[in-house]
Amino acid sequence: MARLVVVSNRVPIPKARSTTAGGLAVALRDVMTAGSMWFGWSGRLSHEPSNHASLLHARGVTYATVDLAAENHRGFYVGFANGALWPLLHFREDLMHFRREDYAGYLRVNATFASALESLLQPDDMVWAHNYHLIPFGRILREQGFCGPLGFFLHIPFAPPSMLEALPVARDLMADLCAYEAVGFQTEDYARDFRDCAQRLLGATVDGEWVRLKGRRLRALAVLIGIDAEAFAHDAEHAVRDKIVQRVAASLSGRRLAIGVDRMDYSKGLPNRFEAYGRLLERYPEHRRKIHFLQICPRSREEVEEYRKLRIELDRLAGRINGRFSELDWTPLRYNTRATSRKVIAGLYRLSGIGVVTPLRDGMNLVAKEYVAAQSQEDPGVLVLSQFAGAARELGEAVNVNPFDPDEITDAMHLALTMPLAERRHRHQALRATIFRATAQAYCHRFIQALERRGQTRDGGCSTPN
């Protein structure tokens, strides 16, 4: 079998038992077996980029990392990836900041990755690149002579042609994506948007999942990413004995708990969620003193102006809600911006009667699936889920809402708080069956199988469209 080489912006190097694994590391855990390699940035900045990767071996897996030049990294990460691509692909053209110098830094970092990895590759390796940071990576690797199977998976949404065209280098990036042999997306909607962009921006021919361009063809498909539901359910059941979780449980004093867990990002719909909770207490006063809302949202990308503004807005909303409704022995909204361990979050999910997952736009949102997995089957909580999260396509038994309407979120929370036990169990059984079927392992195997078949039937050799 071909060796699997995963490429991502950051590499989850195992440092200690207490290290918290990120979402991608958890998703790929089953395929990162002995002999595989994970390649990416070391997390270190230097005056000059690395020409050679540093290697670390753990549990049979090789972790290869490179340092990046500080100037290139700023243009690559803060400037283009998160200042232009992230907002555009989350349908926020108004927040997109495009600068040619940032795009040049983005290309230089991708070239650094490709150059450092090329010397480590074997002819029959299978390379799987992940996410919006690495769109040009495959094309550059092909230009350096790599001929093995080459795939890409996008973990965030993809934009339709009318929106993607707002990016001045949209055609270049589409051509770069077409250098891969299999391109995966979280939902069929996003895969279809990609195929439409290839057709409209590049003149490609589309036949079902297949895109043909200048003598080559690639497959653009939806591969639903999942979680290890069985393991997470087990962790949640045992995590309720964790000291922090027990302290939170004791502090509830018998009240219900609603929970939201999101990175602090404008795509997560947090201001609307806070507004909705305030309206719940105003319009349905019977819930006052009977519920706590806990929002965990670790700070991120604070060097980007929009993220600093978001934090200020959330601070203001939290203060207004607590100032208006709190009493001496009851604080209605608990708002925590520190990172929290996966174990503690699993236990908090299990305590919670409502999981509120209301992003304005999301590729999938695995928080929704983790919340379902964590619930007790005897007395499950209710998932309130944005219709614009990729997971909504699968989790139809959740209470689906339009996240742009705080009143709709308010009514959904009221419905969840008053839902009879029989209905909660019925919804939960259906949701649980879905997440136990569409697992992280199934996601990995489906994409790799698509890439293996594509590698065996590759037409056009190693050529890339230009």
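# Strand pairing and sheets in a predicted model

User: What makes S11 and strand S14 (residues 354-357) count as paired strands?

Analyst: In this predicted model, S11 and S14 are joined over 2 bridges and run in the parallel sense; because a pair needs at least two bridges, the 2 bridges between S11 and S14 meet that requirement. Within S14, the residue standing opposite Ala258 is Ile354.

User: Why is strand S11 (residues 256-261) described as largely enclosed by the rest of the structure?

Analyst: Buried means under 20% relative accessible area, and 5 of the 6 residues of S11 are buried, so the strand is largely enclosed by the rest of the structure.

User: What makes S11, helix H10 (residues 270-283) and S12 a unit with a handedness, and which hand is it?

Analyst: The three elements make a β-α-β unit, and this unit is right-handed, which means that, with the strands pointing away from the viewer, the path from the first strand over the helix to the second runs clockwise. H10 lies across S11, S12, S13 and S14, and runs at about 175° to S12. Helix H14 (residues 406-418) also packs on the sheet, where it touches S11, S12, S14, S15 and S16, and its direction makes about 170° with that of S16.

User: In what order do the 6 strands of the open sheet lie, and what makes S13 and S16 its edge strands?

Analyst: The order is S13-S12-S11-S14-S15-S16, with parallel pairing. Strand S13 (333-336) and strand S16 (399-401) are the edge strands, as each pairs on one side only. From one strand to the next, the twist averages 20°. Within this sheet, S14 and strand S15 (residues 382-386) pair over 4 bridges in the parallel sense, with Val384 of S15 as the bridge partner of Val356.

User: How is the pairing described in the open sheet of 10 strands, and which strands are at its edges?

Analyst: The order there is S3-S4-S2-S1-S5-S6-S7-S10-S9-S8, and the pairing is mixed. The edge strands are strand S3 (54-58) and strand S8 (205-207), each of which pairs on one side only, and the twist averages 25° from one strand to the next. One of the pairings is that of strand S5 (residues 126-130) with strand S6 (residues 150-153), which run parallel and are joined by 4 bridges.

Definitions and conventions:
Residues numbered from 1 in each chain as written. Predicted model: local features only at pLDDT ≥ 70, side-chain atom pairs only at ≥ 80, totals over all residues. Heavy atoms only, no water. Buried < 20%, exposed > 50% of the residue type's maximum accessible area, 1.4 Å probe, protein only. Axes fitted to C-alpha atoms, helices over the stretch in contact; angles between N-to-C directions. Contact = heavy atoms within 4.5 Å.
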